[in-house]
Amino acid sequence: MKTKFFAAIAATFVAWGAYAAEPAGYYSSCDGKNGAALLSALNQKIGNPSVTSYDGLWTLFTKSDVKPNGRLWDMYSTKEWTTGQKCGNYSNVGDCYNREHSFPKSWFDDARPMYSDAYHLYPTDGKVNGQRSNFPFGECANGTSLGTYNGVRALGKLGTSTFPGYSGKVFEPDDQYKGDFARSYFYMAAAYNTKIASWNSDMLAHNSYPAFADWAVNLLLKWHRQDPVSQKELDRNEVVAAQQKNRNPFIDHPELAEYIWGDKKTVPWSSSGVPAKPEFSIPANGSTIDMGTIALGATLSRQIKVKGEGLTAAATVTVSGVGFSVTPASLSAASVNQATGTELTVSFKGSADGVATGKLTITSGEAVTGVTLTARTVSALEAGQATDIGANQFTAHWTYIGDEDSNGNYIITVYDASNAVVDTYPRSVKATDGRAVCDELDANTPYTYTVSSKTMTSKPVAFTTGELIPSVLFMYDGELAMTAVAGTPSEAYEILLDIENIAEDINISVTAPFQVTTDKAEWGTSVTVSPVEDRIYLRVNSETAGQFTTVLKAVAGDYINDETEVSATVTADLPFMETFEANVAGSYLSNTEYQGSACKWMLVKNAGVYAVANEAYEGSNYLRFGKNSDSSVEMADAKEGGVSTVEFMARKWPNDADATLKVEYSVDGGEWAQAGSDISLTDGKTYNKFTVTVNQPGAVRIRIAQTAGGRLCIDNVALGSYAAGIEGVESDYRGWTAYSHGGQLVVELSEDAVAGVYGVDGKTYHHGLLKAGTNVLDVPAGLYVVAVKDFSRRVLVK
């Protein structure tokens, strides 16, 4: 966690000094301005960032968001990520991380450079990111958290806004990161001040100033004040600045928010940060710090940040109130004036039940700040309010007061609305932990819980579990990086759908030249699926070559998932036809290069190119293998962009023994592998066409090798361009598919297989052998499970 203390600050900020090492005079062009003019001046200074590519963010995160232990910092969960845990597929909190647009990209229509501006993009848990979707940030006292899974706790909650001025659905981040996000939003308003008026969100005012709606200004200022700049932000600012050649001014000078939107928006700002007289900015004078609750006789300690400007004398620290103490008693002026300030420790030891009040006073010359301290002491076992409330779990809290059982445990009991003990309760928890995750509960249901020690039981604490959270997940193998040939649709790639807690139809869309469908017949940029369907098909279909990107976007009511990215490389369809008409290479040669009409070849062993018109298939030249039965040729130059098929004309030599040959391929200079089966040549008079499937992307070379028999002739070797959907995906599951088309059930098989078709009514509608290819089955409209080998698919026949 970031080392900062969150105080409820009643007073506003006074001028803060520069927090980071920006170049001297960096913000001097903004001096003397305030309000709209100051925001516009910041835009002129930082509004042309040299952002990295979207893929480049993965690398940037390893520098900008890395913890001392080398793992990535996540503001949406307690997970510490390794760089290999990128999303991909996910089902639970802690599965993987992705690139979160904290300022949702749909608000600015995925436009650049905002799309990859690292000042508002962070590595975050994929599941929590999906819950946040593109909802505004806000506060929701009764929001739903995704809870804890395998020890990873989701941070933040989703629910109806309880912040004054807005009543829509919002996502509330964890307290410790609210200031980080507020300063990211302030940055967006400054860096893109000339664009923000056209963006669309309930948080925005559709103008360049104040840029944010009134309620959003109040919210962001509150978070900015309560959660000051941390070392995490300072370090991140320097890394991103090195990449983008601009800075986040609200990290360098947090006081800027006050001069633009806050209590000093009518006062000219100075980049020098030197106040007219010495003053303290943190803790704010008149604020209150709640120390928390402690057991009778125990000691509670809190670290409090102290920051000031222009102090010339040491700061004297005193505290009043029974049970309160503070260290140190004095802070040097230099430590308080420095960019990060300094810290002191306030402690409280409870001597009687109830709430104690104290006063912390810090004085340096004429500069004084005073803070009210509160702390609560209990002697009876006390359970706290439930937190991290999800659809099926919550976190229980208690104050440890001793009196545990012989195993060091307390007991948690959960009761339903009729006061009956819920199944799987009571449960033992370690007494000194002070908190425990309680699960296996029903969604949107009222409960109470108690905590019991050996001789005492707390008063019951009431809570209601959250609503089930809607979710549409796209499940796929590998990465969604497609390849195709211009003018030819790619292979239709199956995307599985994991739909939870959604009752209405779901619209799934992409942008051209990508297309989606449910039946492989009617392709378009959007398709509607019902909640019981479990797949769509995706392809790219472009008439022109190029690099293309899109996102798979699922929309159901106010639920949106637009985090699944797809890319495609579409290459020009350059015909490859080796006719051997360019040159001859007479006699049978070995280890000899030959420049053909399509590429350079290596006559590896006992092969030659002859010019005899009546022996060639077409033209006058052809390739001939000798009698040794181990002749071979291979491409010396690779065909870029992959190969789908090898097609050639061949015959054996008249009166020689039947010949056998094989086709092999090598990808990107790798080992040779055989494509298809051996080919037998038995006809000595007529050329026959042979086609072998390779279906490999990348830089591909082909080898034709003889394994048996006598002489043979080869002509017109053609290589088809690779046009598959997703690279590197091979599995039995992909060897078949089933879908609905025209009111019928269609089952496509790559080989003969036994298939079963089962209805939700319990009936078997088909069980038996189906042939390779397309099989059409007449079944009534309804939901079916189709099973082939060890895999099954759901199909809704409409």
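This is a stop-by-stop tour of a predicted model, moving from the whole chain to single residues.

**Stop 1: the whole protein**

Start zoomed out, with the cartoon on. Nine helices and 51 strands make up the protein's elements. Its C-alpha atoms fill a box of roughly 115 × 70 × 50 Å along the principal axes. There are 798 residues, and 53% of them are buried. Among contacts with a separation of 6 or more, 68% link residues 24 or more positions apart.

**Stop 2: the largest nonpolar core**

Now select Phe-103, Trp-199, Met-203, Phe-212, Phe-250 and Trp-261. These six touch the most other members of the largest nonpolar core, which has 72 residues. Colour the elements that give two or more residues to this core: helices H1 (35–46), H2 (56–64), H4 (178–191), H5 (214–226), H6 (231–244) and H8 (256–260), plus strands S2 (121–125) and S6 (169–172). Which element gives the most? That is H4, with nine residues.

Centre on Met-203 and show its surroundings. Setting aside residues up to four places away in sequence, Met-203 touches Trp-107, Pro-136, Phe-137, Tyr-185, Phe-212, Ala-213, Trp-215, Ala-216, Leu-219 and Leu-220. Another core, of 34 residues, lies apart from this one; Phe-576, Cys-599, Leu-623 and Ile-679 are among its members. In soluble globular proteins, nonpolar side chains tend to be buried together.

**Stop 3: helices H4 and H6**

Hide everything but H4 and H6. Their axes are 12 Å apart, and the helices pack at an angle of about 30 degrees. Angles under 35 degrees count as roughly parallel, so H4 and H6 are roughly parallel to each other. The crossing of H4 past H6 is right-handed. From H4 come Gly-179, Asp-180, Arg-183 and Tyr-187; from H6 come Lys-232, Glu-233 and Gln-244.

**Stop 4: a five-strand sheet**

Next, select strands S8, S15, S14, S10 and S12. In that order they form an open sheet with mixed pairing. Which strands are at the edges? S8 (288–295) and S12 (330–331) are, each pairing on one side only. Inside the sheet, look at S14 (354–364) and S15 (367–378). They pair in the antiparallel sense over eleven bridges.

**Stop 5: a three-strand sheet**

Move on to S16, S17 and S20. This open sheet runs in the order S16-S17-S20, with antiparallel pairing. S16 (383–387) and S20 (435–438) are the edge strands; each has a single partner, so one side of each has no neighbour in the sheet. The twist from one strand to the next averages 25 degrees. S16 and S17 (394–398) pair over three bridges.

**Stop 6: Ser-509**

Jump to Ser-509, in strand S26 (506–509). Is this residue buried or exposed? Its relative accessible area is 18%, and the cut-off for buried is under 20%, so Ser-509 is buried. Show its contacts beyond four places in sequence: Thr-525, Ser-526, Val-551, Leu-552 and Lys-553.

**Stop 7: strand S40 and its two partners**

Select S40, residues 659–667. Seven of its nine residues are buried, so S40 is largely enclosed by the rest of the structure.

S40 and S41 pair in the antiparallel sense over six bridges. Ala-659 stands opposite Leu-681 in S41. The two strands form a hairpin with five residues between them. Look in the turn for Asp-668, which has a positive phi of about 55 degrees.

Thr-660 has Ala-708 in S43 as its bridge partner.

**Stop 8: Ala-708**

Finish at Ala-708, in S43. With a relative accessible area of 29%, Ala-708 is partly exposed. Which residues does Ala-708 touch, leaving out those up to four places away in sequence? They are Ser-629, Asp-658, Ala-659 and Thr-660.

Note on methods:
Residues numbered from 1 in each chain as written. Predicted model: local features only at pLDDT ≥ 70, side-chain atom pairs only at ≥ 80, totals over all residues. Heavy atoms only, no water. Buried < 20%, exposed > 50% of the residue type's maximum accessible area, 1.4 Å probe, protein only. Helix = DSSP H or I, 4+ residues; strand = E, 2+ residues; numbered from the N terminus. Pairing = 2+ DSSP bridges. Core = buried A, V, L, I, M, F, W, Y, C linked by side-chain atoms within 4.5 Å. Contact = heavy atoms within 4.5 Å. Axes fitted to C-alpha atoms, helices over the stretch in contact; angles between N-to-C directions. Parallel < 35°, antiparallel > 145°, perpendicular 65-115°, else oblique. Left-handed = near helix turned anticlockwise from the far one by under 90°.
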